[in-house]
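Dear colleague,

My notes on what was found in it follow directly after.

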Amino acid sequence: MLLEVKNLTVYYDAVLALENISLTVSGGEIVAMIGPNGAGKSTALKAICGLLKPQSGDVLFQGENINGKQPYQLVEKGLCLVPEGRRVFTSMTVLENLEMGAYTVTSGQWSVVSRKNRQPKVDIRQLVEKIFSLFPVLNKRQKQKAGTLSSGEQQMVAIGRALMLKPKLLLLDEPSLGFSPNYVDTVFEKIKEINRGGTTILLVEQNARMALEYADRGYVFEIGKIAFEDKAKNLLENDEVRKSFLGER
Amino acid sequence: MNNVFCQLLVNAVIAGSIYALIALGFTVIYRTVKFFHFAHGVVYTAGAYFAYTLIISLHLNFALSFFLSMVLAAILGIAIDRFVYYPLRQQNASNLIFLLASFGVFIFLQNLIQLIYGAQILTIRTGPIKEGHHFLGAVITDVQILILAASIILMIFLWLFIQKTKLGKAMRAVADDPVAANVVGINPERMIRTSFAIGSALAGAAGILISFETNIEPTMGFSALLKGIIAAIIGGIGSIPGAVLGGFFLGLAENLGIWKISAGWKDCIAFAILIIFLFIRPWGFLGTKTEKETI
Ligand SMILES: Nc1ncnc2c1ncn2[C@@H]1O[C@H](COP(=O)(O)OP(=O)(O)OP(=O)(O)O)[C@@H](O)[C@H]1O
Ligand SMILES: [Mg+2]
């Protein structure tokens, strides 16, 4: 099991946001988390990667307990979050944003990253090229400030940045947000492509139907709890899920 | 052009470079912590007293004293963060609490300096005042040339550091979005410490440079802090080139403003400019318009 979440409970001050949820992700899967607004999906992702401190429960990554670890400590272990709402480094160029994705592996703090390092631990250029081949638009925009990109392009930067080090597990919070409706398909194709490249994916989506079509398994959240969990195919066929969560009559 | 004007211009540039250094340090810190670190003013004072101690009491040479005083100012900045702000961050304190704490630190350290050195004026300059160089009808002294040169060198270093080095880029990333920085692997606490070190070294440098030029006293930090903050605001809060621009602009406005009116109006001019900016261009010269200012 790549990721194991056991009995997680999260409060915001006195407000209960997640109550005793458990979920698992095995290597190679795409797992989708769906559910209405405010159900606690983002909270779950934040608690898994350490952006939030849960009241109780355990998070195990590759069998290791990562409770109390901060996101920056998990990047090196291969767990990476793309937070809700893009969050690119607005004043930095696309290229610099991608470089920051490789922050943990580039050499010395005082060294100049963008220039060819004398003894590179990694070839940043090569990593960047991989991202450009996934999102070719970014290649043309590499010198542009990320804050001036369209929202879809910013989302590509945010995803590309998280992919720089080819994480073992990628947490995606609403990856299709900001893309035009007819591009959402393409986004999911990209996610599939990333997954085939060896990255396991746990994602949150408002495009519930689409997410389940591409996912292997799914969790349906309802006000702080998991209401259903099953193979994505089964969820799509489950009448109750279809009625209450996929907007079908 | 007459001599008075040229002399005022020289004074303006010297004052401007000091303001710019203070504003730069303030900005470097503001960008990562997003609150107004008022104790920055007392770090400036401390810089001057460090220089005084090293030069007058320990008889070290100027260059070494300058360097060591900057290091000591950096350490002081880190210590303020570690022992005051860090515990507050752990408790998720509000910005108001940080503001009050930073005032408290300011007053505490100012009084501590007064306790150690006394309230009287001290001076580092020894021997007779040297005749300055004549330059376009104005007089500029060696010390003033040193102030200008040192400030410009520090500004260039800071710029290269922020733009080119890995650590500088990480600091920009944290300034843009601390959460995004955290998820790419940047330890936010470490960047906060770094910004306190660099920002405080700059404030210290301003205090050291001014101590070569004028007398020093424990209360000198307050008006310097105000000028630095005004410069940072009119330059565009959070903008590094803005801090430099704001500093020189303020120095020019203050010093050229008193060309025709009495010198007693200097501070009044500074605040008038601040108020004008707050009314018509609150984001300053180079700040971003959309950013919500949090004090
Ligand atoms: N910082 C916070 N402080 C207080 N309450 C919060 C905070 N963040 C989220 N909440 C609350 O916790 C609950 C779960 O929020 P969360 O963001 O996890 O929902 P979500 O499932 O991601 O919703 P959406 O689909 O709208 O993104 C909501 O009721 C929300 O109001
Ligand atoms: Mg959400």
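**Surface patch on chain B**

In this predicted model, a nonpolar surface patch is formed by B:Leu64, B:Phe67, B:Leu68, B:Val71, B:Leu72 and B:Ile75, which together have about 490 Å² of accessible area. Patches consist of residues with over 30% relative accessible area and no salt bridge, like charges being joined within 9 Å and nonpolar side chains (Val, Leu, Ile, Met, Phe, Trp, Tyr) within 5 Å. Accessible areas follow the Shrake-Rupley method with a 1.4 Å probe, and for residues only the protein chains shown count as cover. B:Ile75 counts as partly exposed because its relative accessibility is 49%, where buried means under 20% relative accessible area, exposed over 50%, and partly exposed in between (1.4 Å probe, protein chains only).

As to conventions, residues are numbered from 1 along each chain as its sequence is written, while chains are lettered from A and ligands numbered from 1 in the order in which they are written. Since the model is predicted, local features need pLDDT of at least 70 and side-chain atom pairs count only at pLDDT 80 or more, whereas totals for chains, interfaces and linings use all residues; side-chain values use heavy atoms, with hydrogens and water left out.

**Salt bridges**

Over all chains, the count comes to 13 salt bridges, a salt bridge being a side-chain nitrogen of Lys or Arg within 4 Å of a carboxyl oxygen of Asp or Glu. One of them joins A:Glu64 and A:Lys77, with an N to O distance of 3.2 Å. This pair links distant parts of the chain, 13 residues apart: A:Glu64 is in strand E5 (residues 64–65) of chain A, and A:Lys77 is in the loop between helix H2 (71–75) and strand E6 (79–82) of chain A. A:Glu64 is partly exposed at 34% relative accessible area, and A:Lys77 is partly exposed at 24%.

Which residue forms a salt bridge with A:Glu99? The partner is B:Lys169, with the closest N and O atoms 2.9 Å apart. The pair joins two chains, because B:Lys169 lies in helix H6 (residues 166–176) of chain B and A:Glu99 in helix H3 (residues 94–101) of chain A. Both B:Lys169 and A:Glu99 are buried.

A further salt bridge, at 3.1 Å from N to O, connects A:Arg141 and A:Glu153. A:Arg141 lies in the loop between H5 and H6 of chain A and A:Glu153 in helix H6 of chain A, so the pair ties together parts 12 residues apart in sequence. A:Arg141 is partly exposed, with a relative accessible area of 32%, whereas A:Glu153 is buried at 14%. In chain B, a network of salt bridges links B:Asp81, B:Arg89 and B:Glu189.

**Backbone of chain A**

Most residues other than glycine have a negative phi. A:Arg86, however, has a positive phi near 65° and sits in the loop between E6 and H3 of chain A. A:Lys166, also not a glycine, has a positive phi of about 45°; its place is in the loop between H6 and strand E7 (169–173) of chain A. A:Arg86 is partly exposed at 21% relative accessibility, and A:Lys166 is exposed, with a relative accessible area of 55%.

With kind regards

Definitions and conventions: Helices (H or I, at least four residues) and strands (E, at least two) are DSSP runs, numbered from the N terminus.
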